[in-house]
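Please open the model in your viewer and keep the selection panel handy.

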Amino acid sequence: MKTNIILIGFMGSGKTTVGKQLAHHLNMDFLDMDESIQTDLHMTIQEIFEKKGEPFFRAKEQQLSKESSSHSNLVIATGGGIVLYQKNMDYLARNGHIIYLKCKFETIMQRIKSERNRPLFDIDNLSKFRELFDSRTQLYEDNAHFILKVDDKSNDIICAEILHKIKR
Ligand code: S3P
């Protein structure tokens, strides 16, 4: 039986918040991939992108995807770019249900517009950010076992819907 629950979706779709709540509810361990990489390197994501470069970060992400697939009882909040490499998704799918938290661009913008900790989000270049959003949508859909629309839903409702989908 697949035991992990893996949350994918664009930046600001609620992977971390929902993941924490879900893990608590199910008495599972919680792994936030961004958080784990930051702790490991003693650097923020912003610093990693600036000083080491995006490919370095992506390699770390892949290593963590591989490692986490050999663990069980985990709720995993991935970074929004996890779907960029099919290998990541193959590793994660080995031992987990992949849930896409689908969110409208407008909702994402409302949530992250005042945040400054996302290197790929540039408030001064929204058309580029929109392009990034559009280019990811199909990847999330193709890789998800379950798709959940999350706009305007409370975390309680989202968690309940996930539990219903994976029949726990
Ligand atoms: C990224 C999303 C971020 C983080 C990094 C790159 C992306 O995670 O991994 O800034 O490529 O979409 P969140 O989705 O948790 O913001």
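Start with the largest pocket, which has a volume of about 650 Å³. On a 1 Å grid over the protein atoms alone, a pocket is an open set of points with protein on both sides within 12 Å along at least five of seven lines, and lining residues have an atom within 4 Å of a point. Grid points are joined across faces, edges and corners, and a volume is the space filled by probe spheres set on the points.

A word on the ground rules: this is a predicted model, where local features need pLDDT of at least 70 and side-chain atom pairs count only at pLDDT 80 or more, while totals for chains, interfaces and linings use all residues. Residues are numbered from 1 along each chain as its sequence is written, and side-chain values use heavy atoms, with hydrogens and water left out.

Select Met11, Lys15, Asp34, Asn117 and Arg118, the closest to the centre of the largest pocket among its 32 lining residues. Next, colour α1 (15–26), α2 (33–41), α3, α4 and α6 (105–112), each of which supplies at least two residues of this lining; helices are DSSP runs of H or I with at least four residues, strands are runs of E with at least two, and both are numbered from the N terminus. The top contributor to the pocket lining is α2, with four residues. Coloured by class, the lining shows nine nonpolar, 13 polar and ten charged residues. Here Ala, Val, Leu, Ile, Met, Phe, Trp, Tyr, Cys and Pro count as nonpolar, Asp, Glu, Lys and Arg as charged, and the others, Gly among them, as polar.

**Stop two: the ligand.** Now show the ligand, whose space is the largest pocket (more than half of its atoms lie within 2 Å of the grid points). Which polar side-chain atom lies 2.5 Å from an oxygen atom of the ligand? Select Lys15 to find it. Arg118 also places a polar side-chain atom 2.8 Å from a ligand oxygen, and a polar backbone atom of Gly81 is 3.3 Å from one.

**Stop three: the cavity.** Finally, look for the one cavity of 30 Å³ or more, a set of points where a 1.4 Å probe fits but cannot get out. The largest cavity has a volume of about 40 Å³. Select its lining, including Phe10, Tyr100, Cys103, Phe133 and Tyr140. Both β4 (96–102) and α7 (126–143) supply at least two lining residues, and α7 has the largest share, four residues.

Key:
A polar contact is a pair of N or O atoms within 3.5 Å; within protein, one must be able to donate a hydrogen and the other to accept it, and residues adjacent in sequence count only if both atoms are side-chain atoms.
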